[in-house]
Amino acid sequence: MAICLGIIQIVEEKVHERSSSRVRSICLEMGALSHAAPEAIRFCFAAAATRTVAEGAALNIVELPGVAWCMSCSKSVEIARRGECCPCCGSYHLQVTAGEQMRVKELEID
Amino acid sequence: MTRTRLVEIERDILDKNNGIAANNRALFIADDLLVFNLLSSPGAGKTTLLVRAVSELKCSRWVGVIEGDQQTSNDAKRIQAAGVPAVQINTGKNCHLDAAMIGDAYRRLPLLSGGILFIENVGNLICPAAFDLGETCKIVVFSITEGEDKPLKYPDVFAASSLMVINKIDLASLLEFDVGKAIEYARRVNPKIDVIVVSARTGEGFAALYAWIDRQAGRQRRAFEDKGR
């Protein structure tokens with residue numbers, strides 16, 4: 001819920017800056033290794049947006065893969081979640097390099 | 001007629017919190033303070049661990065505690081009874097502490113220059129992992145009653161922490177807990193995590209914990225000196 005309120009806050013700031021009154025859509029980027037699941041964000045968003053400029057706006061979530069550097073086979077690999085092994089060599093010696101982001105990418109406003 | 005416009009934003013959802021956390025961190029560094037953000041599930045023994053640690057550390061340096069709980073000031077009272085200043089934050093319906101709460105609470109503590117500030121986060125292994133408070137590092141406390149696979153079940157908090165403290169090791173003879181397996185699971189999630197095994201009840205392992213804290217102090221001092229050069 002705090003994350004949804006963070007989204008609304010960013011949207012409100014931008015809408016205010018642009019003297020707009022209506023938000024048609026909000027585009028988010030969520031990494032597979034971020035702290036929130038897209039379905040949870042979708043679930044909370046409607047409630048968080050009630051009686052704000054974001055009420056009724058469509059929420060588009062672009063899901064990005066988790067990426068880690070495997071220290072055993074020295075290459076970049078995709079992982080779906082933390083604690084998974086390297087899909088190439090089976091090692092757990094992985095350093096996450098991407099897929100942790102939770103960003104408001106763009107807005108469509110009137 | 002209205003015209004629909006596309007506005008590029010590219011902002012982190014937690015931007016506001018992260019900005020306040022950066023201010024907190026600058027303040028903590030200026031005050032030469034080590035700040036540890038303790039995370040665990042409810043009942044892992046964070047407060048008992050802190051009561052012992054602050055009672056022993058207060059002899060050699062300034063120590064303060066910020067306590068986070070949904071309700072009550074029971075934990076702050078336990079810390080104060082140990083002779084250390086403590087401020088209680090009640091989060092109400094919120095499940096984590098955020099950077100603004102810490103900024104406010106810090107102003108209510110006496111000056112702790114050169115000392116240690118412990119932040120006991122709300123007992124919750126999910127949300128607190130996402131919120132930077134400006135701490136030096138996060139410490140996850142987990143007790144052997146919780147099962148070896150906790151790091152795999154709640155990986156985010158173990159990935160975000162620099163140290164895992166395994167608590168209640170005095171119960172090892174009663175429970176079939178495999179310390180090696182718990183460490184292996186934690187390092188699957190975070191290969192760099194340090195591990196210390198303790199009993200907050202008996203004091204076992206606390207010397208190693210204090211040595212670890214001293215190493216963090218040395219590391220912070222070196223980072224500060226390098227920056228000044």
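Strand β1(A), residues 23–31, runs antiparallel to β6(A), and seven bridges join the two. Strands here are DSSP runs of E with at least two residues, helices are runs of H or I with at least four, and both are numbered from the N terminus. Two strands count as paired if DSSP finds at least two bridges between them.

Before going on, a word on the source. This is a predicted model, in which local features need pLDDT of at least 70 and side-chain atom pairs count only at pLDDT 80 or more, while totals for chains, interfaces and linings use all residues. Residues are numbered from 1 along each chain as its sequence is written, chains are lettered from A and ligands numbered from 1 in the order in which they are written, and side-chain values use heavy atoms, with hydrogens and water left out.

Strand β6(A), residues 102–109, also pairs with β1(B), in the antiparallel sense and over six bridges. Within that pairing, Arg5(B) of β1(B) stands opposite Ile109(A).

That brings me to the interface of the two chains. Counting heavy atoms within 4.5 Å as contact, 26 residues of chain B touch 31 residues of chain A. The chains bury about 2900 Å² between them, with 56% of it on carbon and sulfur atoms; buried area is the accessible area, for a 1.4 Å probe, that two parts lose on being put together, summed over both.

How many salt bridges cross the interface of chain B and chain A? The rule, a side-chain nitrogen of Lys or Arg within 4 Å of a carboxyl oxygen of Asp or Glu, finds four across this interface. One salt bridge joins the side chains of Arg82(A) and Asp156(B), at 3.5 Å from N to O. On the side of chain B that touches chain A, the elements giving two or more residues are β1 (5–12), α6 (155–160) and α7 (179–189) of chain B. Of these, β1(B) provides the largest share, eight residues.

Arg82(A) also forms a salt bridge with Glu100(A), where the closest N and O atoms are 2.7 Å apart. Arg82(A) lies in the loop between β4 and β5 of chain A and Glu100(A) in the loop between β5 and β6 of chain A, so this pair ties together parts that are 18 residues apart in sequence. Over all chains, the whole structure has 20 salt bridges.

Finally, the open sheet of chain A. Three strands, in the order β4-β3-β5, make up this sheet, with antiparallel pairing. Its edge strands are β4 (75–79) and β5 (94–98) of chain A, each pairing on one side only. Strand β3(A), residues 66–70, pairs with β5(A) over four bridges, and Ala68(A) stands opposite Val96(A) in β5(A). Between β3(A) and β4(A) there are five bridges, and Trp69(A) has Ser76(A) of β4(A) as its bridge partner. β3(A) and β4(A) form a hairpin with four residues between them, and in the turn Ser74(A) has a positive phi of about 50°.
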